[in-house]
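Hello,

Here is the structure I promised to pass on. My notes on what I found in it follow below.

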Amino acid sequence: MSKSMIKCQCGHENPFGTVLCESCGRPQTEEAKKSKTVDMRYEGSARRSQTYQRTIVDKIWNFFSSVKIGVSIIIAVLVTSAIGTIFPQKLYVPANTEAEIAAYYERLYGTFGKIYYNLGFHDMYNSWWFITLVGMLGTSILIASVDRVVPLYKSLKQQRTKRHPSFLKRQRVYGDGPVEDADASLKKAEEKLKQLRYNVKVEDGAILAEKNRFSRWGPYVNHTGLLIFLGAILLRGIPGFYVDESMWLREGDTLEIPGAPGYFIESKGFIREVYSNEDDEIFGKALERNPMIDKNFQTDVALYKKAEGDLPGQTDNISLVKEYSIIVNEPLTFDGYSIFQMDYRTDELKSMDFQLTDKETEQSLGEFTVDLVNPESTYDLGDGRIVELKDYYPDYAGFENGEPTSKSPLPNNPAFFFKMITPEKPEGEISFVAIRQTVEADENDYKVNFVSADTRNISGLTIRKDRTLYILLAGGIIFMIGVAQGSYWNHRRIWIQKGENNEMLIASHTNKNWYSLKREMGQVKEHASLPSYEDREDKESDKEEEEGDID
Amino acid sequence: MTKAEQFAKKRKRRLVIRTIVLIALLAAVVFAIATKKSEKVLAIGDEAPDFEIVDLEGNKHRLSEYKGQGVFLNFWGSWCGPCKTEMPFMEKQSKEFKGKGVHILALNIKDTRLKAETFRDQYKLTFPIAQDKDESILRAYNVIPLPTTILIDPDGIIVDIITTGMDEEEIRQAMESIQPE
């Protein structure tokens, strides 16, 4: 026989590390033999981790199998997660380069901010060591569970109905004593236990009544749910599983949707509505206090798709998928993506109306409109009058080296070089026109006047896709099933067996809710006139119960 | 088979299973870290994503048609200072390298067509300029700052990504590096 096996007196071979014989329940260790009650965790079976300590693989395995290590990892994950919330994460810092980010933390949070940045806490949840920690947590959950659930399952499956008296004597609730008719008592006990919906096994003058064994699997079901949850989060890293992007879309523009290659979205218009008195008189008072209460944010869009296999930049094979009005909580959905209305900006300049005027007579020689999004270069006003747009600076920021500059491509402060051609001045006059500013190289006879402007709105949209959502949901549901299974049901076992002469032994065990177990035992005892027993860890409760019975 | 043999066999199987499980878990963690890090950015050594675009003159350019030749792919905007500075240098070097199989392709971002044209005329640029109107090429190359220059060798492989403005010598060296032999 192998050294790694312990042979019990009953003949059963138990793996090394076994506390209670898998078969008869006799204590196997010196400690267990001496103790009055036994530790029934994992049925006194050998946790697999304790079995071997040979190779490096076994050592790593045993490390993760330890509950102490598991709890330490959980604490480490909790603490690091909490630290990550002290200052804003990198994602929410308005800076692009690493140097800017570093400066940001130091400027706002002083020395602590600097330390925080240098330790890498500013990007906690993406750091390799945080992910490693979560990975270790998953490993610990998996290995610790496997190491316990397998032996527990085996020993519960192998348990015999008839146990050795030394096993029964070491249970928390135990009693023995003579009865009038042992066989009759056994029969009656069986009857009552069945009525109490126990699974009753009878063998050679012994009864094993068992109930709700499945509640023992609760923690492992729960851990399975957690592992599915962690696995789903892992899947988010695979392209196509998870998208969380945002974009600004101007009215009239068509852009490729970030995160959804091959799809384009055009804004046909952004609408912001506020409540008015005509809507409903009920709101009258509220509107008096605050006249601008938003009613609706809406972006009317058209979704286009590029033909399969077309390259970026190719736009000749674009086809309309659908038109839709995105409002808050009613996203545009397609191909697993959802596009939400998130934000808006109003009144960006879109076009400007100008007038060509004769300076002397102040007379208008015709009007024209410059589209700031897609300006044309010539504007024919008729009668030989032509205005040419020679250059355009959408965000004019003054002159630099004798040349106007624009600080962005957005029409925040448009400026124009116009060439005004009239029959009187066929070679044309040059005029630089900005808001509230006109610069002329020579004294001109004509000028371009600003008349009015048209604006457009910008929609802030968020693009989401989460293929892992249902996996996360399944993980969550399994987790909760496990919690319920382990919390609302208790594994109860009652052993009743004949001893020497007319003596009867009675013992019981449950993983929780001893009160209910003892109540059920009380009913069985009464019905089958069994000997009295006591709860050796809570003697007071027995007395209270007896006093209660007198009442 | 004796009990001891059985036991040894069982232990061996267990060792194999444990090793596999531990390796699988380690692989999962490595995968998680790798996917977090990369954030789908193009890197040096990657194949340059193909694209097709029509330039201001109406000529079609498809990157894959430049196979066997070097492509100096420049993303620019008229309002961006360093873009303006490097443009005359690019113009000069594009003429130098034209017969040597290196081409400049300049993609304008966010400007109006009029502005792109006046800019071209102002700097007398002769290399093809196209407007990435829907920004799909910008996205495919994951370009963030302007100017960004992507150097694509004759095999269509990205050999460098430069996210700052360059002086004339740097541009010359860049073009030399993608010159076909």
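**The interface of chains A and B**

Across the interface of chain B and chain A there are eight residue pairs in polar contact, both residues at pLDDT 80 or more (N or O atoms within 3.5 Å; within protein, one able to donate a hydrogen and the other to accept it, and residues adjacent in sequence counting only if both atoms are side-chain atoms). On the side of chain B that touches chain A, helix 1 of chain B gives the most, with 17 residues (helices are DSSP runs of H or I, at least four residues, and strands are runs of E, at least two, numbered from the N terminus).

This is a predicted model: local features need pLDDT of at least 70 and side-chain atom pairs pLDDT 80 or more, while totals for chains, interfaces and linings use all residues. Residues are numbered from 1 along each chain as written, chains are lettered from A and ligands numbered from 1 in written order, and side-chain values use heavy atoms, without hydrogens and water.

Two salt bridges link the chains (a side-chain nitrogen of Lys or Arg within 4 Å of a carboxyl oxygen of Asp or Glu). One of them joins Asp391(A) and Lys115(B), at 2.9 Å from N to O.

**A residue in chain A**

Gln28(A) sits in the loop between strand 2 (13–15) and helix 1 (30–34) of chain A. Gln28(A) counts as buried because its relative accessibility is 15% (buried is under 20%, with a 1.4 Å probe and protein chains only). A polar atom of its side chain lies 3.0 Å from the backbone oxygen of Arg26(A).

Best wishes

Conventions
Buried means under 20% relative accessible area, exposed over 50%, partly exposed in between (1.4 Å probe, protein chains only).
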